[in-house]
Structures are given as C-alpha cells and as structure tokens.
Amino acid sequence: MSDLRLPKAGTIEIAPSILSADFARLADEIAVIESAGVNIVHLDVMDGHFVPNITIGPPVIAKLRKCSNLVFDAHLMISEPARYAKTFVEAGANHVTFHIEVADKAEDLIDKLHEMGATAGICLNPETPVEAIEKIAPFCDMVLVMTVRPGFGGQKFMPEAAQKVTRVREIVGPDIRIEVDGGIDPDTTPTVVSYGADTLVVGNAIFSKPHRIAAINAIRNACP
Ligand code: DX5
Ligand code: ZN
C-alpha cells in the first residue's frame, strides 16, 4: 500500500508508459523519468486474454514500489479486473484503471477501489462508444480513452478515437481527469489537449529515444 494520490484535475500530467522501456532495467528507467519531474508512471498490465500480449503483474509492481515515489497508474488490460484489483492495490498501485468492455459491475469495483484507498479509472477501447461509460464516468477519478487498440506500444494514433475526448469532457466536467493512451507524441499532443485530455500516456515517444528527459520535455513543449 502507498498513500500517493493522483494529482487533482487542473494540471497537464505526462504519464510515461514503461511498456517500451528496458524491462531488464525498470527501476533505472523509472528513476530517470522521476528525475525529469513527472508525477505519474503508467503500468500496462496485460493478461494474454483480454489483449493478445502478456506483460507484468503484482510481483513486479511490488518491487518497483520500493524504488519509486511516483504515482503508480495501473492500466489493467485483463479479463477479470474485479478478481485482481485488490492485489494490485496491495502491490502499490495508487490508481487502477479497468476496461468497461469486461466490467459487469463497474460501480461496485469503483467503490471497492475507493474503499481500499486507491483512485479509480474506467477505460474505453477505440471501438467502444462513449455512451458505455456515460453513467459510470462521474464516479471515477479518471477516464482513459484509448487512442490505439490496446496490446502493444508504438502503434499509430487513431484520430477518430481521440475525438471522443470532447464528449467525455462534456460528461465529466473539469474535475475528473481524462487520460489518453496510444500514439501520443509531440505531433498528436496539441490535438488531444485541445479536446480536453489532461493526462498523457506516452510510451514509445519517450522510451524509444536515447534521451528520455529531452523526449519528456518535447511533449511538455508541445502542449498548447
Ligand atoms: C497499449 C498501452 C499503452 C502503450 C502506449 O496497449 O496501453 O499504454 O504503452 O504506448 P505508445 O505511447 O507507444 O503508443
Ligand atoms: Zn496503457
């Protein structure tokens, strides 16, 4: 458990996704982004079932927790989020996002996360209409709009999926964060921020670059 909190809405936050980082040196990679002044690290959890890829789980997150003071933003791309949410919070996730496509009792899971002291996020895939989260979104702390199909880093930004951010912002107002994930780089940043996104997940555009800090600053400079 950790008492770090997702920053309140009202700031633009860059949440580097370690999916494209060097997995053999994760603690070092996270230390570098921490030194660049980011507040959040985005941890992509994939189960090989909800998405066709497998990444990390609670044991890795628990070890990273000992090495970092960043807010851990766990993006659960797994088929049974309710079954595993507690384990992720116990491992050190401060914020847990699950997918609406696999959540039959989304409201209960949001309550459960809040009771455990974590913040809660709901995510929608590019094909999922905003109506799917309309009722539940006001109870979340952050809505995650996928701008690629989940499963892999380094994919091409989907502009039509990003447009949904405008509608999500109308629904949630100014106090709930909207995160975008997939293909975010200095070229796509102005668009998503102008739509109302305030939390930018960035994987490849940081960790494929030799200079991580310069890459983070390039995203910052691209914010309108
Ligand atoms: C994709 C993951 C993303 C991914 C983003 O399924 O949810 O967080 O790491 O990577 P980039 O920024 O490379 O598109
Ligand atoms: Zn993600």
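Hi everyone. Some housekeeping comes before the tour. Because this is a predicted model, local features need pLDDT of at least 70 and side-chain atom pairs count only at pLDDT 80 or more, while totals for chains, interfaces and linings use all residues. Residues are numbered from 1 along each chain as its sequence is written, chains are lettered from A and ligands numbered from 1 in the order in which they are written, and side-chain values use heavy atoms, with hydrogens and water left out.

Let's begin with the metal. Which residues coordinate the zinc ion (ligand 2)? They are H42 through NE2, D44 through OD, H75 through ND1 and D181 through OD, at 2.1 to 2.3 Å. A donor here is an N, O or S atom within 2.8 Å of the metal (3.2 Å for Na, K and Ca), and since water is not among the atoms, sites may look incomplete. Along the chain, the donors follow the spacing H-x1-D-x30-H-x105-D. Two of them link distant parts of the chain: H75 sits in strand β3 (residues 71-77) and D181 in strand β7 (residues 177-181), 106 residues apart. Strands are DSSP runs of E, at least two residues long, and helices are runs of H or I, at least four, all numbered from the N terminus. H75 and D181 are both buried, meaning under 20% relative accessible area; exposed is over 50% and partly exposed is in between, using a 1.4 Å probe and protein chains only.

What is the geometry of this zinc site? With six donor atoms and angles of 71 to 168 degrees among them, the site is octahedral. For six donors, that label asks for opposite donors over 155 degrees apart and all others between 65 and 115. Ideal octahedral angles would be 90 or 180 degrees.

H95 counts as buried because its relative accessibility is 0%. Its side chain makes a polar contact with the side chain of T119 at 2.8 Å. A polar contact is a pair of N or O atoms within 3.5 Å; within protein, one must be able to donate a hydrogen and the other to accept it, and residues adjacent in sequence count only if both atoms are side-chain atoms.

Now for charges. The whole structure has 11 salt bridges, each a side-chain nitrogen of Lys or Arg within 4 Å of a carboxyl oxygen of Asp or Glu. One of them joins R212 and E29, 2.8 Å from N to O. This pair links helix α9 (residues 212-222) with helix α1 (residues 26-35), 183 residues apart. E29 counts as buried because its relative accessibility is 2%. Another joins D198 and R177 at 3.6 Å, and both of these residues are buried. Through shared partners, salt bridges join E13, R169, R177 and D198 into one network.

Finally, look at strand β6 (residues 142-146), where five of five residues are buried. M142, L144 and M146 lie on one side, V143 and V145 on the other. In a regular strand, side chains alternate between the two faces of the sheet. β6 pairs in the parallel sense with strand β5 (residues 119-124) over four bridges; pairing takes at least two bridges found by DSSP. Five bridges join β6 to β7, also parallel. V145 is the bridge partner of L124, and V180 in β7 is the bridge partner of V145.

Definitions and conventions:
Four donors count as tetrahedral if all angles lie between 85 and 135 degrees; four count as square planar and six as octahedral if opposite donors are over 155 degrees apart and all others between 65 and 115; anything else is irregular.
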